[in-house]
Amino acid sequence: MERKRLEYFDLAKGIGILLVILGHITYISQPLRIWIFSFHMPLFFIISGMLIHYKREDSLNFRAILKRKTKKLLIPYLFFSILTIIADIFLLLLQVGNWEKIWQSCFYTFSFYGISTLWFLPALFFGENLFLFILKKFSKLQAIFFIFFLTIFCYFCIINMQRLYVLPINPVLLYYIQHPLFVVFKGVIAMSYIAIGYVSYPFFSSSHSTSLKNLGLGIIFLLCSILLCPLNGNADLGHLLLNNLSLYYFFGVLGSFSIVLLCKNVTVKNEFHPLNPIFMLFQSIKFFGSHTIVLMATHLNLYISYIAIRIILFFSPSMESHPLPMSFWTFILIMALETALIIFFERIQKLYKTYKKH
């Protein structure tokens, strides 16, 4: 039985995906990028763990779980991967692409390494399924210890990956070995954050009304995240650049908890006029939060960000020398293009469902 959709999770995911897109804009400042990358991907994995707890997915049999996750994550992954490859073939026909990139995209797709930001979907798929499998095989306490040691082992493997290069292995073969290993490592890191979300969910669900205490805690977490995140430098889970493991998890949890706490304890009442700017902002963030897969999969892979930048520079070439307004208008234009793309995909899906009924 499907449970009621929780508004604050859509808000949190909406903020998360907006930060992902902002973090990929070339013109933003380095301190802002470091803060965004310190927690933006862990946020999605932690929310995923919370939703597993909320939806009681751990009570389902594993075959049902696997079927559900395949439909929800792997099918969109393959769809958007194929769409990306088609876009690259189109560029090749325009003589601005190359076969090497297309072949690489095919390898990344079928090895589950993922083309660009699409790495997120296999990581989430393997992370969720691995977590639920462990949860079913062990008691909760044993599962926590097992996940902890598996994560430590995974980190040890990551920091020692360069040792592979001293082995007498053909570099081409090493390339094809290395990328599937990266998929496993990302899945394990994702699983560990999913476990954190699962275990911490009772704290967030304990109060059904807004709490000034929790709101204050969220603000403190957010300020600490912003001020202290430079301690771990420029981390990036997509490239398995974690730097200090303890600090990576500390800031991943701190930033994620701050967003979830703020979203749960700041509400906008439905009585507000639909044209009220605050109401419109909240509704927009929830809208993007309910379409995170489309936004994650297209803003780089389908060149939405690149198109937005080219449009701005076409009308205002001098804008490139002003990073702040360039970042702002690039972000606004990306979101406008993505909104149109989401509406287009929704129309196609609606037409497909109508056709299927007939």
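Helices α5 and α8 are oblique to each other in this predicted model. Their axes cross at roughly 45° and come within 10 Å. On the α5 side, which spans residues 99-110, the contact is formed by Trp-103, Gln-104, Phe-107 and Tyr-108. Helix α8, covering residues 171-205, contributes Tyr-175, Tyr-176 and His-179. Sorted by class, the residues of this contact comprise 5 nonpolar and 2 polar ones, with no charged residues.

Two packed helices are described by the angle between their axes and the distance between the axes. For helix α13 (residues 304-315) and helix α14 (residues 323-357), the angle is about 125° and the axes lie 9 Å apart. The crossing of α13 past α14 is right-handed. From α13, the residues in contact are Ile-304, Ser-305, Ile-307, Ala-308, Ile-309, Ile-311, Ile-312 and Leu-313. Their counterparts in α14 are Met-326, Trp-329, Thr-330, Leu-333, Ile-334, Leu-337, Glu-338 and Leu-341. The contact of α13 with α14 is made up of 13 nonpolar, 2 polar and 1 charged residues.

Two individual residues were also examined. Ser-225 is located in helix α9, which covers residues 212-228. With a relative accessible area of 0%, Ser-225 is buried, since the class applies to values under 20%. The side chain of Ser-225 is joined to that of Trp-35 by a polar contact of 3.0 Å. When residues up to four places away in sequence are left out, Ser-225 touches Trp-35, Ser-38, Phe-39, Leu-254 and Gly-255.

Leu-51 belongs to helix α3, formed by residues 40-55. The relative accessibility of Leu-51 is 16%, so this residue counts as buried under the cut-off of 20%. Although Leu-51 and Tyr-198 are 147 residues apart along the chain, a distance of 7.6 Å separates their C-alpha atoms.

Methods: Residues numbered from 1 in each chain as written. Predicted model: local features only at pLDDT ≥ 70, side-chain atom pairs only at ≥ 80, totals over all residues. Heavy atoms only, no water. Axes fitted to C-alpha atoms, helices over the stretch in contact; angles between N-to-C directions. Helix = DSSP H or I, 4+ residues; strand = E, 2+ residues; numbered from the N terminus. Left-handed = near helix turned anticlockwise from the far one by under 90°. Contact = heavy atoms within 4.5 Å. Nonpolar A, V, L, I, M, F, W, Y, C, P; charged D, E, K, R; others polar. Buried < 20%, exposed > 50% of the residue type's maximum accessible area, 1.4 Å probe, protein only. Polar contact = N/O pair within 3.5 Å; in protein donor to acceptor, adjacent residues only side chain to side chain. Parallel < 35°, antiparallel > 145°, perpendicular 65-115°, else oblique.
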